[in-house]
Amino acid sequence: ILLVARVGTVAFGMAMGLFSVLLDSVGISLAWVYSFMGIIIGSGVVPLALCILLPDTNGYAATAALPVGTLLALAAWLAQAMRASGELTVASLGETTPM
C-alpha cells in the first residue's frame, strides 16, 4: 500500500505540474485560477452549512441554491470585470479588482 501511495503522489504531482504549465502557456494566471475556484466552490458553502446546521432546511431549496448561486456568482464576476476594465478577457478576470 505504501508503494501505491508513493506512486499516486508522484503521479498527482506530475499531472498538476503539467496542468500548470498548460495553463501558463495559454495565459491563465494563478489569480484567475483562485478566483474561479472560489466562485465555483464558494457557492455551495451556504446551502451545505444550512443542511448541516438547520434540521428543517428544505432539501429542494438547498439543492437549487447551488446552481443558482454558481450562475449568479459567475455573472457578478464577469460583470464586475467588464465594468472595472472595460473589456472581458482572461487578464481582466484575473485582476484583483473584480474580487
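By class, which residues make up the lining of the largest pocket? There are seven nonpolar, two polar and one charged. Here Ala, Val, Leu, Ile, Met, Phe, Trp, Tyr, Cys and Pro count as nonpolar, Asp, Glu, Lys and Arg as charged, and the others, Gly among them, as polar.

This is a predicted model, where local features need pLDDT of at least 70, side-chain atom pairs count only at pLDDT 80 or more, and totals for chains, interfaces and linings use all residues. Residues are numbered from 1 along each chain as its sequence is written, and side-chain values use heavy atoms, with hydrogens and water left out.

Start with the pocket. A pocket is an open set of points on a 1 Å grid over the protein atoms alone, where a 1.4 Å probe fits, with protein on both sides within 12 Å along at least five of seven lines; lining residues have an atom within 4 Å of a point. The largest pocket has a volume of about 170 Å³, the space filled by probe spheres set on the points, which are joined across faces, edges and corners. Its lining consists of Met 16, Phe 19, Ser 20, Leu 23, Asp 24, Ile 28, Ser 29, Leu 30, Trp 32 and Val 33. The largest share, five residues, comes from α1. Helices are DSSP runs (H or I, at least four residues), numbered from the N terminus.

Between α1 and α2 runs a loop that holds Val 26. Val 26 is exposed, at 55% relative accessible area; exposed means over 50%, buried under 20%, and partly exposed in between (1.4 Å probe, protein chains only). Val 26 and Val 90 are 64 residues apart along the chain, yet their C-alpha atoms are separated by 9.8 Å.

Next comes the surface. Val 45, Val 46, Leu 48, Leu 50, Ile 52, Leu 53 and Leu 54 form a nonpolar patch with about 690 Å² of accessible area together. Such a patch joins nonpolar side chains (Val, Leu, Ile, Met, Phe, Trp, Tyr) within 5 Å, from residues with over 30% relative accessible area and no salt bridge. A salt bridge is a side-chain nitrogen of Lys or Arg within 4 Å of a carboxyl oxygen of Asp or Glu. Areas come from the Shrake-Rupley method with a 1.4 Å probe. Leu 53 lies in α3 (residues 45-53) and is exposed at 65%.

Finally, helix α4 (residues 59-85) contains Thr 63, exposed at 57%. Pro 67 is also in α4, partly exposed at 43%.

Technical notes
Helices (H or I, at least four residues) and strands (E, at least two) are DSSP runs, numbered from the N terminus. Patches are made of residues with over 30% relative accessible area and no salt bridge: like charges are joined within 9 Å, nonpolar side chains (Val, Leu, Ile, Met, Phe, Trp, Tyr) within 5 Å.
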